[in-house]
Amino acid sequence: MMNPRYVAAKLLDKMFCSGSYSNIQLNSGLERADLDEKDRRLCTAIYYGVIQRKITLDYILAQYCSRPLRKMDSIIVTILRCGIYQLLFMNSIPDNAAVNESVTLAKQFGKTSASGMINAVLRNFIRSGKKIESKGSEFEKLSIEYSCPISLVESLANDYGNETAKNFLQWSLTEGTTYIRRNPLKCSNEELMNALGKIELKRHSIDEFCYCVDGGDLVNTKAFREGWFHVQDLSSQICCKSLAPTENDLVLDICAAPGGKTFTMAEMMNGKGEIHAFDLHEKRVKLIRDGAERLGLPNITAKTGDASVFNAELPKYTKILCDVPCSGFGVVRHKPEIKYKDLSEFARLPEIQYNIAMNALNYLAVGGEMIYSTCTVRKAENEEVVLRLLENCPQIELCEMPTIMGSKFESMTTLFPSDFDGNDGFFIAKLRKLKL
C-alpha cells in the first residue's frame, strides 16, 4: 500500500510545475495509486487543501525558512507546504505525526539532507503557537488569510464591496458540493435512490430532478453507466431553467462542451424538439455525443463549429444558450488553481465573449430568447458585456426570468454561494429579440 502523503506531494509538485488542472491531475494520480478509501480521502484532503491555501502556506514558510522558497528544491517546498497545512488546518492529525511524516517524505523523495531543516521549520512553527501575523493593507491581510492574490481581492471588492468580497473568499475555501440531475427519461426517483444504494442523496428544492450527493464514487455506478443521471452544479441547472426550453423549441447551445447544460435542456424538453450543440474541437464535441448516447437523448445533434464565426447554413432558433468561455472564478472551490492566474491573462476575454454573443444573436429568431452566462463573478465579463450588447443592438432587450425556488431573478443576475444551498458563483442574463 502506498503512502497517501507521498502521492499527494508527488501530484502537487507535478501540478505546480506543469500548471495543469488540479482535478485532472488528482483523478489520474488516484487511478494509478494503490490506496484504500481512507487513504484516498487523506490524499485528496491534503492535495486540495495545499492548493487552496498556497499563499497562506508560503507566507508562513517565508518567516521560518532561511532561504527564499523560489531558490529551494520544488519537492522540498511542497513537503513543507503539506506539513504546515496539516499542522494548521487538519485538527484530526496530531502535530508529531504531521512533522514525522513530513521528515519521512523527504527521505522517500531522496532528499534526506533536507530532513533536518524540514523538522526544524515545522517544530518552530508549532512552538510559535501556529500564529499567522499578517501585516499591510486590508487587501493584503485578506490575501494572506484567504490565500487569494491581492489583484483578485481588489477586483472583487471593487465590483461588489468589501463585505461581499470577503464572504466570497471565505466560501472559496470550503468543500465543494456535488450535485446530480436525474434523467426522467430513464428512471424514477425511487429507482435512482435504490440504484445508488449507500450513496446518500438529498433532493434539492430547485425541482424534483436535482439532488445533493454526500460522497461516493458516482461515475463507476451502474446507474451512471446506464444514463440515469449526470453530474451538474446547481448554478448550471438554474441557468438551464432560466432559458426554460420546451419540446416545441429549436435550441442552439453555441459553446456546449462538455455538454452538461445540453443534457439538462434536452431532458427538460422530454427528449423532443431539437438542440444543436457546437464546440470548437472535435474531441470535446465527442464528449457531448457520448453523453447524449449514454443518457438516451435523441434530440441532441453535436457538431464542431466556431462560436465567433457566422454560419449561414444554420437556421433561426427560438432559444439560445450562450455560455461563453470565461475566467472561471466562480468555480474556485472545485478548481482552486484558477485564482492564482494573473488577471492580465483574462484581459482579452470580454472582447471574445462579446463577439461570441453578437454572433449568437444572428441566429436568434424574432421573439426568441437567449441566455448569456458565465461561471465567473467578474463584472468585466458579465454585466459590462451585456450592457455593450444592449447599447449596440437596439433589436434586443432584457427580459423576465422565470421564478425558480420561489425567487424572482433579475434579468441580469450574479449568483453567489450565499444565495442558495452550495451553488457556485455564476452569472445569467436573459435577452429577447424584438425585431430583425
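This is a predicted model: local features need pLDDT of at least 70, side-chain atom pairs count only at pLDDT 80 or more; totals for chains, interfaces and linings use all residues.
Let's start with helix 2, residues 22–32, and helix 3, residues 37–52. Their axes come within 11 Å and cross at roughly 155°. What does that angle tell us about how helix 2 and helix 3 run relative to each other? Angles over 145 degrees count as roughly antiparallel, and therefore helix 2 and helix 3 are roughly antiparallel to each other. The crossing of helix 2 past helix 3 is right-handed. If you want to find the contact on your screen, look on helix 2 for S22, N23, Q25, L26 and L30. On helix 3, the partners are R40, C43, T44, Y47, Y48 and I51. Sorted by class, this contact of helix 2 with helix 3 has six nonpolar residues, four polar ones and one charged.

Now for the second pair: helix 5, residues 74–89, and helix 7, residues 115–127. Here the axes come within 10 Å, and the crossing angle is roughly 25°. Angles under 35 degrees count as roughly parallel, so helix 5 and helix 7 are roughly parallel to each other. Helix 5 also passes helix 7 in a right-handed crossing. Which residues meet between helix 5 and helix 7? From helix 5 we have I76, I79, L80, G83, I84, L87 and L88, and from helix 7 there are M117, I118, V121, L122, F125 and I126. The contact of helix 5 with helix 7 is made up of twelve nonpolar residues and one polar, with no charged residues.

Let's move on to the strands. Strand 2 covers residues 200–203 and strand 3 covers residues 210–214. The two pair in the antiparallel sense, over four bridges. A handy spot to look at is L201, which stands opposite V213 in strand 3. To get from strand 2 to strand 3, the chain goes through a hairpin of six residues.

Last stop: charges. Side chains of opposite charge can pair when their charged atoms come close. How many salt bridges does the structure hold? There are 21 salt bridges in the structure, and I'd like to show you one of them, between D58 and K54. The closest N and O atoms of that pair are 3.7 Å apart. Both residues sit in helix 4, residues 54–64, and because they are four residues apart there, about one helical turn separates D58 and K54.

Definitions and conventions: Residues are numbered from 1 along each chain as its sequence is written. Side-chain values use heavy atoms; hydrogens and water are left out. Two strands pair if DSSP finds at least two bridges between them. Axes are lines fitted to C-alpha atoms, for helices over the stretch in contact, and angles run from 0 to 180 degrees between N-to-C directions. Angles under 35 degrees count as roughly parallel, over 145 as roughly antiparallel, 65 to 115 as roughly perpendicular and the rest as oblique. A crossing is left-handed if the near helix is turned anticlockwise from the far one by less than a right angle, and right-handed if clockwise. Contact means heavy atoms within 4.5 Å. Ala, Val, Leu, Ile, Met, Phe, Trp, Tyr, Cys and Pro count as nonpolar, Asp, Glu, Lys and Arg as charged, and the others, Gly among them, as polar. A salt bridge is a side-chain nitrogen of Lys or Arg within 4 Å of a carboxyl oxygen of Asp or Glu.
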